[in-house]
Each structure stands twice: as structure tokens, then as C-alpha cells.
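Please load the model in your viewer and keep the selection tool at hand.

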Amino acid sequence: MHRQEILDHVRNIILATHTGLFPDDVSEFASMTYDLGMDSFHLESMISRLKDEVANIEFTPWYIKASRRGHDTVGSLVDFIDERQPRSLECGETRGEAAFTDGLEPRDSEAA
Amino acid sequence: MTPVVPERRPTLLSIASAVPPLSLTQDEIYEGLFKDWFKEVRNAQRIIQNTGVRRRFFAWDPRVELKQGRMGVGDRVRVYERVGLQVTGESVQKALGELDRSRVGAFTMTTNSGYSGPGLDLFIAKKLGLPSSIRRTFVGHMGCFAAFPVLRTAMDSVAARPDEYVIANASEYSSLHYHDTPDPEQVVIHGLFGDAACTVVMGSAPDGEGVQFLRSHTEQLYETHELMGWHMHNDGFRMNLSPYVPFVLAEHVDGFLEKLLAPEGLHAGDIKHWLIHPGGPKILEGLGRQLKLDKSRMRASWHVLSEYGNCGATTVLLVLEEVLRADNPQRGEYGVMMGFGPGLTVESILVRF
């Protein structure tokens with residue numbers, strides 16, 4: 001899984017969980033809480049999907065960085081996943097990639 | 001290794017809460033104050049509605065007292081001294097009930113809402129006719145988990161002096177520190193926190209008799225200290241609370257519980273009653289999901305969140321009171337009390353009913 005694919009996936013999840021946003025809003029440099037206005041309900045939906053679709057990643061190191069005001073950018077999350085994604089994702093040989101790809105369809109945020 | 005079972009255990013003799021007379025629903029406090037304060041914050045009303053709080057109690061009426069804007073910290077603490085003496089005093093008096101006051105050897109209390117010397121504990125001890133030799137310990141400003149150091153102090157005191165009773169109180173008057181900073185994080189905080197006091201009287205009883213506090217466990221997640229804070233400013237105390245806190249707690253709870261339960265030969269599946277500090281709905285939902293507990297397994301925590309709000313250090317004692325009042329725990333069933341706060345610090349006590 002290349003970084004651009006991860007970015008596309010994260011952007012799709014954000015747009016699906018926070019339906020008030022336009023695609024152009026979700027830039028790499030946008031802070032999720034301060035620029036995109038994501039609250040805990042949006043974040044929970046996003047994290048839940050990432051946990052489901054990016055197995056075996058502990059996000060605490062990113063939460064720590066992200067908690068500094070404005071540091072929870074889309075790009076920082078993508079970089080974090082890119083650095084820590086399981087090798088199987090890069091090889092494309094397990095359900096990890098299938099889940100990643102299947103997850104590209106936006107979901108109703110209320111159901112997440 | 002099989003744990004050595006002590007002959008006597010720290011045991012709950014009574015528990016009683018007290019609240020200020022003013023109660024407001026979320027709609028009433030929003031329409032009366034927050035609608036104006038947070039008018040520039042996107043979705044402020046929805047954020048407040050989504051806290052899971054239905055109503056809260058207030059040491060003063062912020063709609064009146066803070067209508068003209070901010071107030072200095074000294075003026076806020078004067079209200080703490082006045083209201084705290086009344087409400088905290090009522091809680092302690094109710095908990096003591098008909099117990100022999102001459103046997104009370106220690107009084108431990110905590111608050112995050114105000115400070116004075118002598119403190120509320122001294123004036124309440126005097127008013128209630130407690131022995132002048134009473135040993136007082138004040139636990140200040142630690143955060144929402146501060147009932148745990150208070151209970152642990154009481155447990156140690158009872159272990160050292162099993163013939164004595166110990167008062168363990170947590171009192172919070174968080175509404176005294178409301179302020180009008182238009183920030184989404186502050187909207188969440190102002191939508192959650194309420195005021196209450198709760199007191200446990202602890203004594204000693206043979207192992208297996210009564211509600212007993214078996215052991216505690218604490219963890220500091222050192223790298224996460226920026227995620228939550230409670231700082232003094234010239235115009236009051238102010239909290240910062242990262243929206244990522246619930247996710248961090250959920251990622252650490254399994255390992256944490258193992259450290260609490262394994263020394264007793266227990267695991268999470270042995271726990272019947274979950275008394276989790278309802279810091280906010282996302283904390284309860286996140287921990288519930290991680291521990292595979294449906295909402296009914298944390299009924300008391302959700303009830304307290306709804307009917308009192310997050311009352312800081314007092315909250316987990318309100319949850320214990322609610323479990324004892326409504327859940328009818330059976331003798332021998334286990335419960336886990338958990339609390340969280342700045343540090344991040346995670347606290348817990350294993351209880352056997």
C-alpha cells in the first residue's frame with residue numbers, strides 16, 4: 001500500500017464520517033479538529049474504521065502528537081499509518097488490503 | 001502464586017452523597033448561558049446535547065453569577081468555601097449517620113474546585129463533633145481520579161488501625177470555574193461537568209463480610225501528559241481535554257486490568273459490576289467496546305452521567321452509591337472501580353460485594 005493510496009483511503013473515511021465536508025476541504029494540512037471541525041463522534045467513527053481496516057496498529061503515539069493544537073492533520077495520520085502499516089499490506093497478500101480497498105465506499109456517519 | 005488472604009479487610013460502612021439545591025437540564029443551561037457564550041462555535045448545541053448528560057446540579061447559578069463575564073479566582077473560591085461547607089458537610093453528616101463518631105480516627109478528602117486553609121475538612125469535623133485528634137489528609141488538584149488516592153489512604157489507615165473509622169470524601173463544585181472561551185474543547189467540558197459531594201465511611205471487618213476494598217492498581221501513561229490538564233488561571237481553573245483521550249484509554253485498558261486482577265487470580269470475565277468513571281460518553285463507549293460490555297453492564301455509570309454529569313473526583317463514588325442503591329449486588333460478586341485524569345493517570349480498585 002503506497003502512501004497515496006493510504007491518503008485517498010483516509011480522505012474517503014473522513015468525508016464519509018463527516019458529511020458536511022467537501023472533498024477540497026480535506027487537504028493533507030488540514031487539522032481534523034480545528035480546520036475540519038471533527039468532534040469526538042466523527043473521530044470515533046474514523047478511528048473505528050481505521051482499526052477495522054488497518055489491523056494491529058496502536059494509534060496512541062499518533063494521539064499524543066495529534067493532541068497538540070492543530071497537529072492532528074490528515075497528513076500526519078497518513079504518515080503514521082504509512083510508517084506502521086503491517087508488511088502484509090505492502091505485499092498485498094492478506095485480508096488487510098482487501099479490507100482497505102473494500103472500505104473505500106463512504107458509509108453513513110450515523111451508522112458508524 | 002496464591003495470594004495471602006488477610007483476616008480483615010477495609011470495609012465500606014456507609015456511603016452518602018449530597019448535591020446543591022439548584023438543578024438545571026442541559027437545555028436550561030444552554031439557553032440561559034452557553035448559547036450566548038459559544039455562539040461562534042460550530043455545532044455547540046449538538047455537542048452539548050451529545051454529552052449524555054440530562055441534568056446537573058450547580059453550586060451557584062452561572063446564568064446569573066457569570067452573566068456579566070469573567071470573575072477572579074479568589075471570588076470563585078469564596079463561593080467554594082461557602083457552598084462546600086454546606087454540601088460537603090451534608091454528605092459527611094449523612095454518611096456518619098448513627099455511627100459512633102468517637103471512633104472516627106481519620107478524615108481524608110479531595111477536591112479540584114477550591115482551596116483554603118484551614119480546609120472544609122477541619123470545619124466539618126468541628127461542626128460534627130469529631131475527635132480533635134482526627135488525622136486529616138487533603139488530596140488536592142489531582143483530577144477526576146482523585147477519589148482513588150482518597151480511598152487508598154483510607155484503606156491504609158484502616159489496615160494500620162483496624163478499630164477506627166475513616167471518612168473518605170470527594171467534593172466537586174466545577175461550575176465555579178466556568179468561563180466563556182469560545183472553543184469546541186471548552187464546549188465539551190462545559191457540557192459535561194456538574195457539582196456534587198459524596199462520602200464513604202470505611203472501617204475494618206473480617207474477610208468476606210460486607211463490601212470490601214481488596215486491592216488497587218495505578219498506572220501513569222507518562223507520554224500522554226499533554227492530553228489532559230487542570231490549570232490555574234487568574235480568572236479560574238481551566239481544563240484542557242483532548243478528544244483523543246477515550247481512544248488512548250481504550251488501547252490500554254486490557255493490560256491495565258490484568259495488572260489489577262491477576263494478583264487475585266481473576267480476569268475481566270469474573271467481574272460482575274463495572275463502576276467506570278463516566279468522564280464522557282466516548283470514554284464509556286470506548287471502554288465498553290474494548291471490554292465487550294454492553295451498556296447494561298455499565299448502567300450505573302451511564303445513569304450518573306445522565307443525572308449528575310461528570311462530577312470530577314466525586315463521580316466514581318456516585319457510581320458506587322448507585323450500584324448499591326439499584327443494582328442489588330450479591331455477596332461475593334466482584335466489581336471494578338476505574339477512574340482517569342491528568343497524567344494520563346488510570347486508577348482502579350477491586351471491590352467485592
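By class, the lining of the second largest pocket holds seven charged, five nonpolar and three polar residues, where Ala, Val, Leu, Ile, Met, Phe, Trp, Tyr, Cys and Pro count as nonpolar, Asp, Glu, Lys and Arg as charged, and the others, Gly among them, as polar. To find this pocket, select A:Ser48, A:Lys51, B:Ala250, B:Arg289 and B:Gln290, which lie nearest its centre among the 15 lining residues. Its volume is about 320 Å³. Helix H2 (40-53) of chain A, helix H8 (245-261) of chain B and helix H9 (281-291) of chain B each supply at least two residues of the lining, and H2(A) gives the most, with five residues. Helices (H or I, at least four residues) and strands (E, at least two) are DSSP runs, numbered from the N terminus.

This is a predicted model, in which local features need pLDDT of at least 70 and side-chain atom pairs count only at pLDDT 80 or more, while totals for chains, interfaces and linings use all residues. Residues are numbered from 1 along each chain as its sequence is written, chains are lettered from A and ligands numbered from 1 in the order in which they are written, and side-chain values use heavy atoms, with hydrogens and water left out.

Next, select B:Ser174, B:Ile189, B:Phe193, B:Trp230 and B:Met239, which are the closest to the centre of the largest cavity among its 20 lining residues. About 220 Å³ of space lies in this cavity. On a 1 Å grid over the protein atoms alone, a cavity is a set of points where a 1.4 Å probe fits but cannot get out, and a pocket is an open set with protein on both sides within 12 Å along at least five of seven lines; lining residues have an atom within 4 Å of a point. Grid points are joined across faces, edges and corners, and a volume is the space filled by probe spheres set on the points. Helix H7 (184-192), strand E9 (228-233) and strand E10 (236-241) of chain B each give two or more residues to the lining of the largest cavity, which divides into nine nonpolar, nine polar and two charged residues.

Now return to H8(B) and H9(B), which pack at an angle of about 40° with their axes 9 Å apart; axes are lines fitted to C-alpha atoms, for helices over the stretch in contact, and angles run from 0 to 180 degrees between N-to-C directions. The two helices H8(B) and H9(B) are therefore oblique to each other, given that angles under 35 degrees count as roughly parallel, over 145 as roughly antiparallel, 65 to 115 as roughly perpendicular and the rest as oblique. Residues to display at this contact (heavy atoms within 4.5 Å) include B:Leu249, B:Ala250 and B:Val253 of H8(B) and B:Ile283, B:Gly286 and B:Leu287 of H9(B).

For the backbone, select B:Gly117 and B:Pro118, which are joined by a cis peptide bond with omega of about 0°; B:Pro118 lies in the loop between strand E4 (104-111) and H5 of chain B. Another cis peptide bond joins B:Gly343 and B:Leu344, with omega of about -20°. Finally, go to B:His141, which is not a glycine but has a positive phi of about 65°, and which sits in the loop between strand E5 (135-140) and helix H6 (147-160) of chain B.
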